[in-house]
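Dear colleague,

I am handing over the structure below, and after it I describe what was found in it. Please read the notes with the model open beside them.

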Number of protein chains: 2
Amino acid sequence: MNYQHNFNPTISDENLFNEILKEKEHIGYYNLAYQDISAFKEYAKTVKQKNIVVIGIGGSTLGTYAIYKFLKHSKTLSKQLYFLETTDPIDIRSKVEAIDLEDTLFIVISKSGTTIETVSIFKYINSLVNCDKDNTLVITESDSKLNSYANTNNIKTFEIPKDVGGRFSVFSAVGLLPLAIVGIDIDEILDGIKEVHDSFFNSKETYERLLKKARFFTEYKNSFNINVVFSYSSRLEGFNKWYIQLWGESLGKVDINDTRQGLTPIGIIGPIDQHSFLQLIVEGKRDKTVTVIKVDDFDSDLKIPHAKLDGLEDLDYIDGIKFSSLINKQADATIESINSLNDIPCDVITIDGVCEKSIAGLMYEYELLTSICAKFMYINAYDQPGVEAGKIILKKKLQK
Amino acid sequence: MNYQHNFNPTISDENLFNEILKEKEHIGYYNLAYQDISAFKEYAKTVKQKNIVVIGIGGSTLGTYAIYKFLKHSKTLSKQLYFLETTDPIDIRSKVEAIDLEDTLFIVISKSGTTIETVSIFKYINSLVNCDKDNTLVITESDSKLNSYANTNNIKTFEIPKDVGGRFSVFSAVGLLPLAIVGIDIDEILDGIKEVHDSFFNSKETYERLLKKARFFTEYKNSFNINVVFSYSSRLEGFNKWYIQLWGESLGKVDINDTRQGLTPIGIIGPIDQHSFLQLIVEGKRDKTVTVIKVDDFDSDLKIPHAKLDGLEDLDYIDGIKFSSLINKQADATIESINSLNDIPCDVITIDGVCEKSIAGLMYEYELLTSICAKFMYINAYDQPGVEAGKIILKKKLQK
């Protein structure tokens, strides 16, 4: 007898780890845990301006926003961080009016250096306030046109390494520099991702865990084509948005057999969306997995006071409960009600607290999970050919 | 020969219209276009406070937020509107710290009157500042416990009609009253929904259009189980959230044959998400329909200035273009690139401008579309049995 096949090479657990190790040699985000960040910290100390405005879009802003939004009310930050990312004229005007541009550092971030939104907004800002070496910083690839512009004008630049993709770039200068400038502890951020890195590559504990999850997601991708992240804290709203880009843009691809792949990310916030989207999860079609994210310690004593309200005595049982306990019990109730149905795949991630390490570890773990899923799906997680056609059409329309 | 069947009754176009007409007799939202809003306007005139804080969650806030977010930077509003909706302690604290509570009107909104989040936050606020008839307003059902509380304390109340469901309540007191108080023209809002109402029920023009769309969505629900709304304006971020609740919670149901139904809503924002989610739409699995929403007239002259940037000359073709034109060309490029693929169902809604009539008409149309889809799917759009189990589990956990 003789057997022939043109199946994809089988991916065993061991093979996959080796594939990731091979990839680690030329995909830069894996190694950002051990980069030297002293130049970022040095530069951050020199910034005098009160407002920091990041001009960028997509991968240049979403990760930074995720971390900033998570931490900003739990830390005493020395500066305010803003993002100018959309071409919506009303959005641009209202933000520009709210910021003292004379007391602002502008950080222009674009990997390619020719992102239309970013350059458009920068040109507009430059017409309101003179952007020069004293109030402008550029983060881009070393050979981009934006880099030439900065060099010509003696504007300080930091590099986005060529092997770090936009949506995987939050732990490069793209995210760390603005965060360090506003007073977030980027050593702690690195510690958070080092921990996950080591547990993934050395003890393999994180690897084994993520492998199971990724295998499930990809083996059942045709039944459960939607992955819901249900975050139980409004602080995680930025994380949800970042996750949606990472998951959607990395996994929405054509595979080596020319077959369309893709897992659709959804990010919702508890308890708000347990008053709406939960209905669809519980009674709707079984096409969703659910990952609940909880925060173990909100570091807050805010309590529901003991206060009788005539007529509302039925709700007296909530008196004296901490809000942090209430929101976590709401998460537990949601988890229990989903699990009781037995046919909705659900996992729970509990991060320690509202701190740098927790959010960084969570994000790095999601990057690793994305990379593993892409391997199982025989796709390239790091390109985005599908958005190029639109860019070409747009250019033609604008040049008319 | 003899034929028997237990199929659902066939829904012809004509039958469906009659079903909607029958439903209109006992489902209140259809008729809000012709309600008397003079009491809302009278009350709004009497409010002296500078800040308006809505305490509510889900259907009690999302619609109001959608309209407020859409309009707030295009109108000169007399007051600031805030929402306290989540039990996240850090969110509550940061919002409370930012608002002058002594100069605030609190509007407590809960249809049932016993929403845990709403009562918890109200109790907390009540411990910081005395909530009484001078600074508090209650919007609830006429026989709720919250209503009794208000009556006992001489607090002014407005009623949520029993036949208007929470997520369909934006054009009742729930939305119109806070919006009128901050200075939004609620006559214009009613005009917007009257126009759609009449075109739906009288000339049937809107009916015929929505019928086609709903029929497509439901006939292809197993191929395209995800409906993406791609809004080309940051102003529509609140609308997206409101749509997600409306669509998810109304259509995620078990039908009359005990079969799980549900169309999954996704709301994304152009141009931001054309740098990410668009990749998934274009190259990923064909499981999504796309509705692009454009704003015809942003009423803004904001322009990309003619400014040479050394090194970035390649992008000079964008000089002199209005941002409003740029964002609409970005939308057109996305539409063209999707349509060129020929296998992604896509429709485009262009609303006239950033005004009351446009947003109100759009939202009312989406309510009607939801009702029609529910008819095709043989489900009840107006209940939410799937979230009840979680509420019971939570109550048990809290009473422990």
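Strand 4 (residues 136-140) and strand 5 (residues 156-159) of chain B run parallel and are joined by four bridges, where helices (H or I, at least four residues) and strands (E, at least two) are DSSP runs numbered from the N terminus, and two strands pair if DSSP finds at least two bridges between them. One such bridge pairs Leu137(B) with Lys156(B) in strand 5 of chain B. This is a predicted model, in which local features need pLDDT of at least 70 and side-chain atom pairs count only at pLDDT 80 or more, while totals for chains, interfaces and linings use all residues. Residues are numbered from 1 along each chain as its sequence is written, and chains are lettered from A and ligands numbered from 1 in the order in which they are written.

Together with helix 6 (residues 145-152) of chain B, strand 4 and strand 5 of chain B make a right-handed β-α-β unit; right-handed is said here if, with the strands pointing away from the viewer, the path from the first strand over the helix to the second runs clockwise. Both strands have a place in an open sheet of five strands in chain B, with the order 2-1-3-4-5 and parallel pairing. Strand 2 (80-84) and strand 5 of chain B stand at the edges with a single partner strand each, so one side of each has no neighbour in the sheet. From one strand to the next the twist averages 20 degrees, with axes taken as lines fitted to C-alpha atoms, for helices over the stretch in contact, and angles running from 0 to 180 degrees between N-to-C directions. Strand 1 (residues 51-55) of chain B runs parallel to strand 2 of chain B, and five bridges join them; Asn51(B) stands opposite Gln80(B) in strand 2 of chain B. Helix 6 of chain B packs on this sheet, touching strand 3 (104-110), strand 4 and strand 5 of chain B, and its direction makes about 150 degrees with that of strand 4 of chain B.

Chain B also has an open sheet of four strands, with the order 7-6-8-9 and parallel pairing. Strand 7 (264-269) and strand 9 (346-353) of chain B stand at its edges, each with a single partner strand, so one side of each is left without a neighbour in the sheet. Seven bridges join strand 8 (residues 288-297) of chain B to strand 9 of chain B, and the two run parallel; in strand 9 of chain B, Asp347(B) is the bridge partner of Thr291(B).

How do the two chains meet? In chain A, 99 residues are in contact with 99 residues of chain B, contact meaning that the C-beta atoms of two residues, placed from the backbone, lie within 7 Å. The largest share of the side of chain A that touches chain B comes from helix 12 of chain A, with 11 residues. Of the interface residues of chain A, 100% are also interface residues in chain B, so the copies meet through the same surface.

Finally, a rotation of 180 degrees with 0.0 Å of shift along its axis superposes chain A on chain B (RMSD 0.0 Å), the copies being superposed by least squares on the C-alpha atoms of residues with pLDDT of at least 70 in both. That is the relation of a two-fold axis. In chain A, the C-alpha nearest the axis belongs to Ile266(A), at 3.7 Å from it.

With best wishes
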